[in-house]
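Hi there,

Here is the structure I promised to pass on to you. Have a look at it first, and then read on for my notes.

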Amino acid sequence: MRSTLVAASLAFAALIAGPVPALADADARTSPKLQSPADQLPRPTDEALRTAMSALRDTVDDRLRADATQPMAEADYVALAAEIDRQLAAITAGRDFHSRAGRHLQWTLGDIGDGAGLMRTAPRVAGKRLGFLRVVETLNFYGREYDHPGWVALKP
């Protein structure tokens with residue numbers, strides 16, 4: 001019994017002391033390739049999406065410019081959130097989110113909706129401002145990730 005324990009210990013020590021071939025080739029492996037056209041950047045868009053996202057961007061940009069001269073009050077954030085929600089509803093109406101590209105778009109639009117929700121429900125202006133900045137940053141993300149010629153990033 002004792003000799004079996006010693007032999008097993010020696011075998012285990014030999015296994016962990018030697019080089020591990022699977023780890024030795026880790027640097028030689030190529031990086032994984034994208035599996036789907038929906039994973040390729042920029043992500044595909046259609047004319048209806050580009051038009052609607054441009055309108056949403058313009059709405060937010062107008063408010064950003066006005067906010068530089070006169071900061072928004074709580075009611076302004078709530079009104080802007082309602083307008084963003086209205087535009088998001090128009091974007092999502094009739095759109096197929098069952099494909100991989102559709103799911104990516106759904107996540108992006110969901111982030112915009114989350115920002116609008118924070119603008120609507122945060123108890124203080126600072127929280128509403130964070131929601132507004134989330135909308136701005138997600139719109140900038142859209143511009144980087146999606147095929148939208150002429151997209152101009154927003155400057156918060």
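I'll begin with helix H3, whose buried residues are covered by elements that include H4, H5 and H6. Please keep in mind that this is a predicted model. The buried residues of H3 are Leu 49, Arg 50, Met 53, Leu 56, Arg 57, Val 60, Asp 61, Leu 64 and Asp 67. As for its length, H3 has 23 residues, which at 1.5 Å a residue should span 33 Å, and its end C-alpha atoms lie 34 Å apart, in agreement with that.

Now to the pair H5 and H6. Helix H5 (residues 100-121) packs against helix H6 (residues 125-145) at an angle of about 165°, and the axes are 7 Å apart. Because angles over 145 degrees count as roughly antiparallel, H5 is roughly antiparallel to H6. The crossing of H5 past H6 is left-handed. Residues making this contact include Thr 108, Ile 112, Gly 115, Ala 116 and Met 119 of H5, and Gly 131, Phe 132, Val 135, Thr 138 and Leu 139 of H6. Sorted by class, the contact of H5 with H6 comprises 10 nonpolar, 6 polar and 5 charged residues.

Is Ile 112 buried or exposed? Its relative accessibility is 0%, so Ile 112 counts as buried. Leaving aside residues up to four places away in sequence, Ile 112 touches Met 53, Leu 56, Ile 84, Leu 88, Val 135, Thr 138 and Leu 139. Of these, Met 53 and Leu 56 are among the buried residues of H3, while Val 135, Thr 138 and Leu 139 belong to the H6 side of the contact with H5. Ile 112 and Phe 132 are 20 residues apart in sequence, with 9.0 Å between their C-alpha atoms.

Finally, a look towards H4, where Ala 82 has its place. Ala 82 is partly exposed, at a relative accessible area of 44%. Between Ala 82 and Ala 116 there are 7.6 Å in space, C-alpha to C-alpha, and the two are 34 residues apart in sequence.

Enjoy browsing, and write back with any questions.

Best wishes

Notes:
Residues are numbered from 1 along each chain as its sequence is written. This is a predicted model: local features need pLDDT of at least 70, side-chain atom pairs count only at pLDDT 80 or more; totals for chains, interfaces and linings use all residues. Side-chain values use heavy atoms; hydrogens and water are left out. Axes are lines fitted to C-alpha atoms, for helices over the stretch in contact, and angles run from 0 to 180 degrees between N-to-C directions. Helices (H or I, at least four residues) and strands (E, at least two) are DSSP runs, numbered from the N terminus. Angles under 35 degrees count as roughly parallel, over 145 as roughly antiparallel, 65 to 115 as roughly perpendicular and the rest as oblique. A crossing is left-handed if the near helix is turned anticlockwise from the far one by less than a right angle, and right-handed if clockwise. Contact means heavy atoms within 4.5 Å. Ala, Val, Leu, Ile, Met, Phe, Trp, Tyr, Cys and Pro count as nonpolar, Asp, Glu, Lys and Arg as charged, and the others, Gly among them, as polar. Buried means under 20% relative accessible area, exposed over 50%, partly exposed in between (1.4 Å probe, protein chains only). The expected span of a helix is 1.5 Å times one less than its number of residues.
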